[in-house]
Amino acid sequence: MFSSLRHSFNLLRAGRTLAAYDALLTPEQLKQLPWSARLGLSLAKFGASKPSAGTRNAVAAALSSLGPSYIKLGQFLATRPDLVGPKRAFDLKSLQDRLPPFPIEVAIETIRENLGSTVEELFTSFGPPVAAASIAQVHKATSPDGRTLAVKVLRPGVGKRFASDLGSFYFAARLMEKFSAEGRRLRLIAAVHMLEQSMKQELDLRMEASALSEMAENTKNDPGFRVPKVDWQRTARDVLTTEWIDGTPISDIDSLRAQGFDLKALGDTVIQSFLRHAIRDGFFHADMHQGNLFVDFDGRLVAVDFGIVGRLGPKESMFLAEILYGFITRDYLRVSQVHFEAGYVPRDQDPAIFAQALRAIGEPIMDLSATDISMARLLTQLFEVTAQFNMQTQPQLLLLQKTMVVVEGVARTLNPQLNMWVTAEPVVRGWIERKLGPAGRLEDATGSLGRILAGLPNVLEDARRGAEMLSEMANSGGIRLDAETTEQLAKAQNRHQRWTRFWLAIASLALVVIAVRLVT
């Protein structure tokens with residue numbers, strides 16, 4: 001009871017702030033309200049903090065004023081046009097995660113508490129904050145061996161604030177799912193859960209360090225892309241230390257051009273790297289805006305700030321690759337079938353009619369010029385159409401779509417004539433051929449057979465132990481076996497070993513046959 005009252009109070013406070021900024025409803029929605037509701041909104045503004053003059057984006061400004069949790073909520077809702085509508089989602093894309101820095105003395109004490117050593121022992125220099133956001137701020141430092149480092153320090157008290165506000169978000173989601181069929185279709189509780197998981201990762205900087213390490217491992221052989229190296233000895237829950245990137249911000253087009261970098265090739269690298277990570281690895285940087293991308297002296301794209309990452313399972317990765325390739329090749333029936341095979345669209349829907357709806361999305365795009373083709377817009381329209389066929393919201397795919405919007409925008413600043421289909425096609429086609437072609441089918445068959453064969457030693461070991469136990473029991477008088485029974489057991493064991501060797505031989509032969517059939 002008490003917690004419900006507390007959550008209601010927190011939500012009412014947030015609602016008052018949104019009302020004060022005229023960000024609760026759009027002007028069109030306000031006009032549709034009865035006069036009593038409009039009066040209630042006017043009264044709600046009384047006593048609430050007012051926006052500063054000249055505020056353009058009311059909803060972004062309101063959420064920023066509510067603090068770190070609501071900034072993160074706004075950034076999350078920017079990925080969910082199905083929840084807040086396309087216009088609101090677009091407005092939220094401009095929400096800047098910037099807050100005043102906290103004192104350097106607090107950062108120094110946090111480092112001492114987390115790493116067990118003073119700043120003087122860990123670094124030969126430690127500068128003031130160079131960037132500050134809702135979660136953490138970054139300092140430039142130098143290690144005793146002369147390396148320039150970026151030290152990210154968690155904002156004090158931010159974890160408790162997030163925990164309190166998340167409780168209120170869950171309270172609102174449960175109410176809306178309880179009383180609204182649309183709320184249940186949108187899976188609002190699952191959406192808040194996804195926000196919570198994202199926050200938990202951001203609040204433990206060891207998770208970001210691990211994400212950087214995983215991405216480095218995945219991309220070690222990728223052309224033109226890398227991430228900063230983690231200094232694990234100077235990293236803990238509230239502190240993350242990495243190499244300092246001295247590259248050129250990808251937003252500084254004039255500087256990149258003056259240094260002789262190929263902007264068109266860089267644009268292709270941005271798109272292809274993102275698709276490679278999402279489709280091949282099922283693991284992608286989910287905050288690839290211009291502020292997190294640099295170009296090093298060797299012309300490689302460097303991504304920083306891995307606080308927000310996305311993951312796709314094998315099913316989702318294949319789903320993404322097949323729908324993109326299906327649109328590229330205009331095979332709309334295949335795109336439809338992929339949705340049904342993945343279980344995203346209910347079986348009571350008609351695949352042919354769904355394919356017809358997909359054609360209505362794909363064909364207009366094919367007639368556009370290269371500068372007007374948008375893969376992100378295609379995915380946005382796709383998710384809007386799937387709602388008409390009772391497809392449940394897939395949060396992981398929406399995060400992917402949001403990131404693709406950002407990545408596409410970055411690439412077009414480098415090359416306004418970028419053709420998304422031409423740029424994406426080699427990565428998508430290569431993955432499709434690898435997974436669905438002979439090599440991929442052989443890989444899957446090998447994996448399945450390998451798992452079977454890998455289990456055989458355990459089976460044999462269990463049989464051996466069972467025989468030893470029987471022998472021990474017989475010798476200790478626990479059971480009695482006559483000579484004839486013992487002889488039969490011995491023969492059975494020999495037959496078991498012969499059959500095991502026989503099936504191993506058959507399995508090996510089957511693998512060879514499969515390989516030959518697939519290759520030919």
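# Briefing on a predicted model

Asp 287 is found in the loop between strand 7 (283-285) and strand 8 (293-295). The structure described here is a predicted model.

- Apart from neighbours within four places in sequence, the residues in contact with Asp 287 are Asn 292, Ile 308 and Lys 402.

**An enclosed helix**

- Among the buried residues of helix 5 are Tyr 70, Ile 71, Leu 73, Phe 76 and Leu 77.
- The buried residues of helix 5 also include Lys 72, Ser 69 and Gln 75.

**The open sheet**

- Strands of a sheet pair through backbone hydrogen bonds, either parallel or antiparallel.
- In this model, four strands form an open sheet with antiparallel pairing, and their order is 1-2-3-5.
- Strand 1 (125-132) and strand 5 (239-243) stand at the edges of the sheet; each has a single partner strand, so one side of each is left without a neighbour in the sheet.
- On average, neighbouring strands of this sheet are turned by 25° against each other, direction ignored.
- Strand 2 (residues 136-142) and strand 3 (residues 148-154) run antiparallel and are joined by seven bridges.
- Lys 140 has Ala 150, in strand 3, as its bridge partner.

**Helices lying across the sheet strands**

- Helix 8 (residues 104-115) lies across strand 1, strand 2, strand 3 and strand 5, and runs at about 110° to strand 1.
- Helix 13 (residues 205-218) lies across strand 3 and strand 5, and runs at about 25° to strand 5.

**A packed pair of helices**

- Two packed helices are described by the angle between their axes and the distance between the axes.
- For helix 16 (residues 314-328) and helix 17 (residues 332-341), the packing angle is about 160° and the axes are 8 Å apart.
- Angles over 145 degrees count as roughly antiparallel, and helix 16 is therefore roughly antiparallel to helix 17.
- The crossing of helix 16 with helix 17 is left-handed.
- Phe 319, Glu 322, Ile 323, Gly 326 and Phe 327 of helix 16 meet Tyr 332, Arg 334, Val 335, Val 338 and His 339 of helix 17.
- The residues of this contact divide into six nonpolar, two polar and two charged.

Notes:
Residues numbered from 1 in each chain as written. Predicted model: local features only at pLDDT ≥ 70, side-chain atom pairs only at ≥ 80, totals over all residues. Heavy atoms only, no water. Buried < 20%, exposed > 50% of the residue type's maximum accessible area, 1.4 Å probe, protein only. Helix = DSSP H or I, 4+ residues; strand = E, 2+ residues; numbered from the N terminus. Pairing = 2+ DSSP bridges. Axes fitted to C-alpha atoms, helices over the stretch in contact; angles between N-to-C directions. Contact = heavy atoms within 4.5 Å. Parallel < 35°, antiparallel > 145°, perpendicular 65-115°, else oblique. Left-handed = near helix turned anticlockwise from the far one by under 90°. Nonpolar A, V, L, I, M, F, W, Y, C, P; charged D, E, K, R; others polar.
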